[in-house]
Amino acid sequence: MTQKGLGVCYYPEHWPREMWASDVQRMADIGLTWVRIGEFAWSRIEPKPGQFEWAWLDQAVETLADAGLKIVLGTPTATPPRWMLSKHPDMLAVDAQGRPRKFGSRRHYCFSHEAYKKECARIVRLLAERYGDHPAICAWQTDNEYGCHDTTISYSDAARQGFQKWLAARYDNIAALNDAWGNVFWSMEYAAFDEVDLPNLTVTEANPAHQMAFRRFSSDQVVAFNKLQVDEIRAKSTAPVIHNYMGRITDFDHYQVAADLDIASWDSYPLGFLEDRIEADDEFKNQYLKQGHPDYQAFHHDLYRAVGRGRWWIMEQQPGPVNWAPYNPAPLPGMVRLWALEAFAHGAENVLYFRWRQAPFAQEQMHTGLYLPDDSPNVAANEAKQVAQDLSQLQADQIEPARVALIFDYESQWASEIQPQGQGFDYFDLVFHYYKALRRLGCNIDILPPNATNFGDYTVIFAPGVVTLTQAQQKALRESGAKVVLGPRTNAKTSEFSIPPALPPNFDGLPLKITNVESLRPSAGVALEKGQIRYWFEHIEGEVTPILNTEDGRPAIVEKDNLIYCAGWLDETALFNFVGALLGAVDIPIEHLPDGLRRRETSDHVVYLNYAPIAISHRDAEIPPAGVHFVRK
Amino acid sequence: MTQKGLGVCYYPEHWPREMWASDVQRMADIGLTWVRIGEFAWSRIEPKPGQFEWAWLDQAVETLADAGLKIVLGTPTATPPRWMLSKHPDMLAVDAQGRPRKFGSRRHYCFSHEAYKKECARIVRLLAERYGDHPAICAWQTDNEYGCHDTTISYSDAARQGFQKWLAARYDNIAALNDAWGNVFWSMEYAAFDEVDLPNLTVTEANPAHQMAFRRFSSDQVVAFNKLQVDEIRAKSTAPVIHNYMGRITDFDHYQVAADLDIASWDSYPLGFLEDRIEADDEFKNQYLKQGHPDYQAFHHDLYRAVGRGRWWIMEQQPGPVNWAPYNPAPLPGMVRLWALEAFAHGAENVLYFRWRQAPFAQEQMHTGLYLPDDSPNVAANEAKQVAQDLSQLQADQIEPARVALIFDYESQWASEIQPQGQGFDYFDLVFHYYKALRRLGCNIDILPPNATNFGDYTVIFAPGVVTLTQAQQKALRESGAKVVLGPRTNAKTSEFSIPPALPPNFDGLPLKITNVESLRPSAGVALEKGQIRYWFEHIEGEVTPILNTEDGRPAIVEKDNLIYCAGWLDETALFNFVGALLGAVDIPIEHLPDGLRRRETSDHVVYLNYAPIAISHRDAEIPPAGVHFVRK
Amino acid sequence: MTQKGLGVCYYPEHWPREMWASDVQRMADIGLTWVRIGEFAWSRIEPKPGQFEWAWLDQAVETLADAGLKIVLGTPTATPPRWMLSKHPDMLAVDAQGRPRKFGSRRHYCFSHEAYKKECARIVRLLAERYGDHPAICAWQTDNEYGCHDTTISYSDAARQGFQKWLAARYDNIAALNDAWGNVFWSMEYAAFDEVDLPNLTVTEANPAHQMAFRRFSSDQVVAFNKLQVDEIRAKSTAPVIHNYMGRITDFDHYQVAADLDIASWDSYPLGFLEDRIEADDEFKNQYLKQGHPDYQAFHHDLYRAVGRGRWWIMEQQPGPVNWAPYNPAPLPGMVRLWALEAFAHGAENVLYFRWRQAPFAQEQMHTGLYLPDDSPNVAANEAKQVAQDLSQLQADQIEPARVALIFDYESQWASEIQPQGQGFDYFDLVFHYYKALRRLGCNIDILPPNATNFGDYTVIFAPGVVTLTQAQQKALRESGAKVVLGPRTNAKTSEFSIPPALPPNFDGLPLKITNVESLRPSAGVALEKGQIRYWFEHIEGEVTPILNTEDGRPAIVEKDNLIYCAGWLDETALFNFVGALLGAVDIPIEHLPDGLRRRETSDHVVYLNYAPIAISHRDAEIPPAGVHFVRK
């Protein structure tokens with residue numbers, strides 16, 4: 001069993017060497033065991049092309065090693081130095097408006113630029129050669145937060161050329177592409193692959209098949225970029241290779257990138273996410289202002305457990321106010337601890353805080369750390385220390401397998417962006433909507449990739465809105481032995497983004513077809529006995545049994561054997577009722593939780609987490625705000 | 001008298017030839033008599049430059065002809081094939097930000113590109129030569145929806161050069177242009193026509209006279225583009241030539257384009273328009289979600305009857321949910337029928353549904369048709385069949401001339417966009433506001449172009465906001481024998497977009513001048529006894545008789561002989577009272593209609609249309625939702 | 001003592017010469033003494049490069065002089081003629097998206113374009129040579145409204161090259177720049193100054209130090225541009241040189257530009273500003289729709305008194321509806337007079353209306369003047385005449401020194417734009433918030449620049465949010481003898497936009513440090529006994545005395561000796577209470593004013609101005625709407 005540990009992100013190059021020893025000593029004193037270094041340091045490692053300065057990094061590594069700390073060494077490829085741009089002026093990504101995205105911050109590269117990829121392979125090889133067998137280098141991190149700042153997709157010349165090659169490889173001949181995309185429509189037919197441009201700046205929307213191909217290509221470019229680095233590292237090091245994904249980045253397929261990694265990790269900024277990436281009304285946001293959304297972190301924990309095939313970390317954990325959200329409050333006292341303990345309850349191996357000491361300069365100067373710029377401890381330093389002490393009680397806890405599975409699929413997200421059909425329809429939100437309903441019932445949930453075929457012990461599998469399902473996937477679901485909840489939009493498109501000829505869901509064993517689809521303004525829902533269907537409602541025909549009808553008598557949820565199809569986006573009330581009844585019917589234990597309280601079960605404990613700003617009484621326990629209550633099983 | 005008929009838009013090139021015969025047979029079975037084909041098919045007619053594939057189109061024409069169906073043959077110029085761009089890389093339109101609008105959808109051409117215009121003339125000539133005397137080709141359609149996707153206005157090099165030539169022709173010498181535009185202001189004087197750039201990307205707003213000239217030029221380019229095609233068709237065919245205008249497209253002068261056509265037509269998407277092109281509050285939009293705005297179609301029917309000088313069609317009629325509005329609900333059962341019958345009541349010769357069968361691929365795959373992608377009938381197929389039966393009862397009905405006329409002028413729309421003066425002031429909305437008030441009173445309305453001079457039998461003529469009126473137009477209105485309602489903003493500008501020296505309205509016979517103009521925030525209206533003046537209020541001086549004063553005693557509506565001037569934008573209450581009193585005063589019969597019910601009178605019937613989602617009792621009739629109630633006169 | 005006077009802006013080149021004599025006679029008849037001419041007239045002075053037409057301007061000058069009117073002669077550099085662009089095609093400014101800002105309106109130049117600056121020096125020299133000793137030329141105006149239409153900042157090649165030179169001069173060597181900006185962060189280090197690009201279009205935000213340097217550079221370019229003209233004028237003329245600043249333009253340092261001027265002036269458009277530049281709710285805006293914000297003009301008056309080191313004018317005064325705000329209502333009768341009298345009460349030397357006669361053509365045709373386009377007087381002509389009569393009673397009034405000072409600093413504004421940290425945090429709003437609270441208490445207020453060191457008789461000095469304070473400034477404040485109110489964000493950054501190593505406020509004599517900063521969504525304030533802290537709340541540590549705590553017991557306002565630190569953005573209630581108590585404590589007389597009434601004290605009068613739309617009773621006086629009530633002291 002892997003030892004659970006705490007850590008921190010550290011940038012020795014930002015500070016005088018005189019401070020390093022003291023820093024490292026205090027890290028150890030707090031109880032940290034892991035330190036991430038190296039990411040972003042390219043200009044200090046190779047200040048001029050081919051001229052290297054290793055001494056400082058050697059010393060930093062030794063200083064950390066001497067204190068018994070384990071190092072995650074990051075590759076610096078997210079921040080190519082200024083001289084790189086002089087060497088490769090066309091390496092920049094280009095935005096959808098056709099403007100190069102300039103040097104002066106980070107992630108200023110196009111994933112399709114072959115020469116830059118060679119430069120990356122080179123610097124990673126040098127790092128791996130130098131540190132690959134150092135005993136303190138216990139893990140590697142490739143690049144940093146792929147896709148952050150909307151950087152997956154680039155409309156550069158390099159991307160266009162790469163896309164044309166990718167198309168040629170996929171379709172072999174241009175007639176096949178024309179046929180697959182339906183280019184007879186609007187006379188969009190091509191005579192050669194090099195006639196296919198990127199799908200931006202078209203007069204009206206580009207062919208959705210064209211867009212989907214470009215999204216897949218763009219995702220594949222990230223996979224290839226990452227693999228190049230992994231290959232270089234593996235040639236010289238046996239330490240595991242990790243990438244630190246960013247929350248709610250969905251522009252590339254995280255499962256596919258992770259197929260080349262040993263461990264997944266993600267960067268958890270609960271307060272930043274609440275303000276920046278979650279739609280909710282003022283009342284909700286004010287309620288959770290200083291705690292973050294009570295389900296958002298858990299969702300990502302479960303997602304990255306799937307992405308990492310069981311192995312995952314928090315590589316960056318918010319320690320206090322950050323700098324990048326529309327509003328940046330301070331966490332409620334105790335939340336910095338709660339967030340970490342919740343991660344461990346979901347199976348995290350390690351949690352690293354970002355960052356050791358707040359930098360007084362540059363873009364993130366308002367991003368707090370464990371320490372203040374004046375080198376005194378900030379609030380998070382104390383909470384981290386507390387977590388280190390808590391950890392000793394939790395080392396034996398293991399993941400408790402869930403009886404409920406929820407599928408999350410990146411292509412379905414791209415499909416909903418390419419063709420929302422109703423304004424605001426978002427696949428991520430749909431899946432998260434199910435996740436929240438299940439969490440309110442106290443369930444452990446496993447997230448699965450769409451190509452999962454082994455559904456061993458699951459009792460219920462939710463697969464709302466997975467846009468394309470192969471025959472093999474359908475068969476696996478049908479024969480899983482579990483109740484399988486499909487719809488809306490399930491298998492609504494072929495792999496080439498057209499409507500299946502027999503009409504969706506075209507699901508073997510489910511004698512059903514969707515004839516008409518309605519997208520609805522949010523205030524104009526379809527009434528149910530309890531709650532409403534909102535945003536999306538499909539008209540159903542088929543030999544199935546209704547489970548729920550609309551008030552005006554049309555089928556809303558239907559079933560056939562173990563397959564259940566939900567024809568619309570159920571609102572919170574309707575979904576909660578549906579999911580609750582379903583879990584009850586299959587004897588999955590339900591625990592109704594008070595507002596703001598969440599529950600996670602490990603092998604040894606039931607863990608209650610209080611996300612509310614007030615104390616909560618539940619089952620004889622009084623849990624303070626930001627409190628974590630462990631019940632030994 | 002022209003036979004009224006139903007039809008459908010059909011893309012045989014999208015389907016295997018094996019399906020054609022069955023398709024055509026079913027069209028006839030439903031009762032359709034017209035089929036539009038050919039638009040968008042350029043890449044199938046001429047797959048490579050100069051290499052033609054006529055066989056498929058020949059066969060499609062014969063298949064339709066054999067079933068006795070009449071064909072509208074569309075020219076394919078809205079979708080130049082990809083090879084066209086290779087031949088003419090500068091043919092693309094350029095948006096206001098200076099970005100070429102790329103290949104990959106449709107309408108990717110600049111109206112000013114001379115070489116592309118030659119290509120269009122060539123392909124139209126070839127079509128006309130091949131099919132011009134075919135007896136089944138009973139009408140032609142030029143291009144498709146000019147101006148759709150904001151394509152009238154282009155900032156390309158071709159447009160700039162065309163504009164400079166256009167200016168030279170209009171002004172003869174640059175001093176005349178400088179003088180006409182007032183270029184002494186801000187030292188904007190030019191020394192030569194080739195110094196005049198397009199009015200985009202200026203530091204602050206460009207001279208409105210400059211902008212208006214560019215808007216007129218842009219409109220003229222559409223007129224010329226269309227005429228080129230009409231001339232080619234007429235050289236080889238006697239079938240009438242039609243264009244299918246799109247709803248609420250106002251960037252070019254539809255009257256002027258239609259001057260070269262035989263028939264006008266428009267594409268009617270009531271639910272798409274409600275969500276996409278009409279401002280209204282949530283309550284209203286939810287009320288009419290599945291029916292469309294109860295006056296919007298009628299307004300366009302009356303407008304295109306004017307544009308077509310009496311002859312007009314619906315070329316595309318919404319059959320079910322579409323793909324392009326922010327929300328895309330399904331029509332209330334019966335509405336697909338109601339919309340068609342309403343069109344016939346307004347004098348439509350033919351109504352064609354768009355489209356025969358929903359295409360499962362490309363951009364419009366979520367746009368329904370009469371048939372589903374799996375070749376089973378969708379709801380609209382049945383309603384179309386019902387309409388075909390209804391039609392037999394209505395063949396004798398003729399247009400009933402109205403006693404009320406309403407002027408609609410495209411230049412006035414451009415003027416309100418160039419210089420709204422108050423945020424949100426929109427000429428279209430002003431005219432539609434009058435139209436709605438008149439419809440609530442049960443009136444038939446004729447829409448007239450601004451250059452109308454024969455006002456034969458009209459009792460009242462409304463001409464709100466026509467920005468420029470020549471002496472001849474003023475005389476014609478003054479001597480019309482009708483009550484003429486002017487203002488606000490009537491004749492507010494000279495033909496060169498300056499304020500008339502004697503101040504607006506500068507209307508012969510109306511001793512009135514507007515000294516100050518106030519634009520008002522929507523929540524800060526000027527109180528009247530009933531209702532308010534909103535958005536816009538003019539301060540009046542002159543020897544006229546007040547009809548209505550504001551609560552604080554300033555003139556709001558004044559009159560002199562048959563001329564009435566309204567000094568502001570009356571809100572719904574005030575306008576309804578004003579219009580009702582006026583019609584009453586001149587003995588035009590008024591019928592107060594319940595919410596959602598509309599009335600249209602033909603030679604033989606009074607037709608009631610229920611746009612409400614509930615049944616309505618009116619004059620001893622109980623009219624169900626989506627019901628059409630005919631009362632024989 | 002300078003004689004107070006009225007005047008008008010006049011464009012003789014817009015009108016036939018036959019009208020000039022009559023115009024000038026009527027100006028004198030109304031009681032005007034000053035006329036501004038010449039700005040924007042470059043194309044009439046030099047219609048072709050090097051070819052001059054002086055006769056018309058000579059005649060205009062003589063016509064005005066003959067009537068005894070004093071002339072402000074404007075330089076025409078805000079509107080280079082079209083031929084200038086042919087000579088210098090790269091002279092245009094470039095916007096943040098990289099698009100040249102084209103010819104066709106005004107201000108189409110980049111402040112960094114050296115060749116254009118030479119052209120400006122040349123035309124100004126010629127004007128100064130010709131008119132510099134003419135006795136009627138009693139003042140000069142440089143250019144027009146620097147910075148208007150967002151023109152301070154340009155991303156042109158000229159700007160980039162200028163910026164690189166500016167950096168080289170500031171930092172001497174590139175290592176110093178890297179160190180100052182903290183470019184080790186994200187490997188942003190440069191090897192040479194010519195590698196430093198402008199900070200636009202970066203992938204995510206550019207380094208704030210980089211941004212601040214660019215803002216300073218951009219401001220310096222305006223200063224240099226202005227100085228070039230001043231130098232040319234001074235070489236030939238002893239008349240004072242003025243620039244007309246525009247309201248709420250803060251992109252360059254007005255104090256620094258004014259250091260080269262004799263007099264400051266600003267252009268006052270109260271109704272335009274209310275709609276266009278002030279955030280307030282509908283109720284407030286409707287209340288002051290026709291009067292303008294009751295504190296906005298006064299704030300600018302006091303600001304430009306500081307900018308002009310005591311000497312200031314209104315160069316353009318709104319006379320009626322304008323053309324450029326979202327809504328453009330007419331002033332309440334009397335307001336045109338009130339605005340002018342308020343300016344005089346704040347020490348204005350002269351007030352000029354903009355403009356004499358409404359031009360019927362070009363961009364400002366909907367901007368009213370004293371006269372209508374048909375040459376009849378508009379409302380403002382009469383009110384101006386009244387002001388001329390009022391003035392005779394006020395000639396002796398002098399500025400009454402205030403006991404309250406408020407610091408306004410342009411760099412702090414740039415800092416809040418570069419790094420708001422909380423959405424909507426705006427330094428201008430913060431300062432104006434204090435100004436409004438003080439005005440509600442009836443105070444005279446002096447605005448001071450941040451580098452003020454002589455605080456002679458002030459009893460209280462407010463310096464909220466001044467982002468950087470030198471040791472000298474701190475000392476001056478500390479030793480001023482006044483109560484000094486600091487915070488939030490005071491001295492939050494070093495001069496290189498990093499956090500002071502000892503943490504803010506790092507203020508000598510104030511043993512305080514800010515550990516954490518919270519930015520808050522507007523609806524989630526921190527409760528105080530009365531009111532709330534909103535938007536921004538700092539966590540304080542230090543040996544200081546709390547004046548006010550939050551409801552949950554954290555320090556909100558603290559003091560030490562004469563220094564007071566406010567740790568958050570107080571809402572209106574909290575600020576009013578705090579300021580009121582503070583003024584009371586130091587015996588500054590307070591006069592609670594009814595809503596809408598404002599008070600200003602001169603040497604001889606207490607002046608009450610009624611901004612409310614209703615009459616107000618106050619201290620035995622009944623003041624009608626738009627009324628000005630003088631109480632002789």
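Across the interface of chain C and chain A, the rule finds 32 residue pairs in polar contact, both residues being at pLDDT 80 or more; a polar contact is a pair of N or O atoms within 3.5 Å, where within protein one must be able to donate a hydrogen and the other to accept it, and residues adjacent in sequence count only if both atoms are side-chain atoms. This is a predicted model, in which local features need pLDDT of at least 70 and side-chain atom pairs count only at pLDDT 80 or more, while totals for chains, interfaces and linings use all residues. Residues are numbered from 1 along each chain as its sequence is written, chains are lettered from A and ligands numbered from 1 in the order in which they are written, and side-chain values use heavy atoms, with hydrogens and water left out.

**Interface of chain C and chain A**

- Strand 13 (512–519) and strand 15 (532–542) of chain C each supply at least two residues of the side that touches chain A; strands are DSSP runs (E, at least two residues) and helices are DSSP runs (H or I, at least four), numbered from the N terminus.
- Strand 13 of chain C gives the most to that side, with six residues.
- The side of chain C that touches chain A divides into 21 nonpolar, 17 polar and eight charged residues; Ala, Val, Leu, Ile, Met, Phe, Trp, Tyr, Cys and Pro count as nonpolar, Asp, Glu, Lys and Arg as charged, and the others, Gly among them, as polar.
- In contact (heavy atoms within 4.5 Å) are 46 residues of chain C and 55 residues of chain A.
- Chain C and chain A bury about 4,400 Å² between them, 53% of it on carbon and sulfur atoms; buried area is the accessible area (1.4 Å probe) that two parts lose on being put together, summed over both.
- In chain C, the residues that lose the most area to chain A are W186(C), V203(C) and R521(C), together 19% of what that side buries.
- Six salt bridges are found across this interface, a salt bridge being a side-chain nitrogen of Lys or Arg within 4 Å of a carboxyl oxygen of Asp or Glu.
- E518(C) and K290(A) meet through their side chains in a salt bridge (2.6 Å, N to O).

**Interface of chain A and chain B**

- Chain A contributes 46 residues to the contact and chain B contributes 55 residues.
- About 4,400 Å² is buried between chain A and chain B, 53% of it on carbon and sulfur atoms.
- The rule finds six salt bridges here, and the side chains of D374(B) and K513(A) meet in a salt bridge (2.5 Å, N to O).

**Within chain A**

- UniProt, in an unreviewed entry, places the feature "domain: Glycoside hydrolase family 42 N-terminal" at residues 9–393 of chain A; such annotations may be inferred rather than shown by experiment.
- Over residues 9–393, chain A is 41% helix and 10% strand, and the end C-alpha atoms are 24 Å apart.
- E601(A) lies in strand 20 (residues 597–601) of chain A, and its side chain makes a polar contact with the side chain of K633(A) (3.0 Å).
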